[in-house]
Amino acid sequence: MVVAYGTESLLMKQDVVDIHNVTVYRGTTCVFRNLSLVVQEGCNTAILGPNGSGKTTLMKLLSCELYPVANPESHVKIFGKEHWNVWELRTRLGIVSLDLQHDYLPRAKGINVILSGIYSSIDTWQHQEFNDVDFEKADAVMERLGIGALKNRAFCTLSTGQQRRFLLGRALINNPEALLLDEPTTGLDLKASFHYTEMLRLLMRSGKTVLLVTHHLHEIPPEIEKVVLIKEGRIVSDGKKTDVLTSESLSDLFDYQLQVVAVNGYYQVFPSK
Ligand SMILES: Nc1ncnc2c1ncn2[C@@H]1O[C@H](COP(=O)(O)OP(=O)(O)OP(=O)(O)O)[C@@H](O)[C@H]1O
Ligand SMILES: [Mg+2]
């Protein structure tokens, strides 16, 4: 928790994420040992690392899909709280992941995907009740993301980029304070990925805290302040984007000689051989 003294107001910034000294297994693989990470409210963060380094595991830890090894010396606090009712947490923390895209049944329509975010379920079910306000919220979200015309299409018949927008809409319908996005633009063409990035920029500017896992440097918008580099389950760098995104640090991260170039607040990377 940090207390920032402004000239006119006293602003309390809470930690959205506070991971301390955790060990996490997936099956018999120890992915993290003694991992610690703090992300404050409003500190938009990109997480980069090679395949298998632990990025998705980190996202699943934050969304309570995975739990660390029990230890009194460690904790995972989200919005300052350690023990969450998962459904309550999901109204405050929107999630977009590759897993979600594959989980919907062929019968699901676009509108069902959006509404399913209200109960944080996969698809909508007969026992769930939706009122007029829910439908209005769903329409407003689809309008905002430019997918209203697709609401009655079967989700499985939509293009990858259209599906990604619906999943973002699902994450946004509860108006969460923070978003966990695990490679949200994978499979999108250049225009679609830049559109997606533009949407994220608007969300960040509207005050949502974004944690973005990506392999694409050019999709890290200027609003991202902090970059975390993960290698083999260890955080090897965690700091201001301008300090972390250097040719040297990325070359070390990927064990490959890379050259990082920054243009107008955006970044791109090239092989330096
Ligand atoms: N269900 C699972 N059972 C056992 N091990 C797993 C499981 N899922 C992931 N792992 C292992 O955990 C480690 C971290 O995987 P994770 O999916 O977090 O990597 P990642 O950084 O997201 O990689 P990518 O860039 O490929 O998405 C890897 O060694 C992976 O093989
Ligand atoms: Mg992953």
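How many bridges join strand 3 (residues 15-26) to strand 4? The answer is eight, and the two strands run antiparallel.

Before selecting anything, note that this is a predicted model, where local features need pLDDT of at least 70, side-chain atom pairs count only at pLDDT 80 or more, and totals for chains, interfaces and linings use all residues. Residues are numbered from 1 along each chain as its sequence is written, while chains are lettered from A and ligands numbered from 1 in the order in which they are written.

Strands (E, at least two residues) and helices (H or I, at least four) are DSSP runs, numbered from the N terminus. Within this pair, Val17 has Val39 of strand 4 as its bridge partner.

Three strands now form an open sheet, ordered 4-3-6, with antiparallel pairing; two strands pair if DSSP finds at least two bridges between them. Strand 4 and strand 6 (75-78) are the edge strands, each pairing on one side only.

Next, select helix 1. Helix 1 packs on the sheet and touches strand 3, strand 4 and strand 6; contact means C-beta atoms, placed from the backbone, within 7 Å. The direction of helix 1 makes about 120 degrees with that of strand 3. Axes are lines fitted to C-alpha atoms, for helices over the stretch in contact, and angles run from 0 to 180 degrees between N-to-C directions.

Finish at ligand 1. The residues surrounding ligand 1 include Arg26, Thr29, Gly52 and Lys55; a residue counts if its C-beta atom, placed from the backbone, lies within 6 Å. Helix 1 (55-62) and strand 4 (29-40) each supply at least two shell residues, and helix 1 gives the largest share, three residues.

How values were computed:
Two residues are in contact if their C-beta atoms, placed from the backbone, lie within 7 Å.
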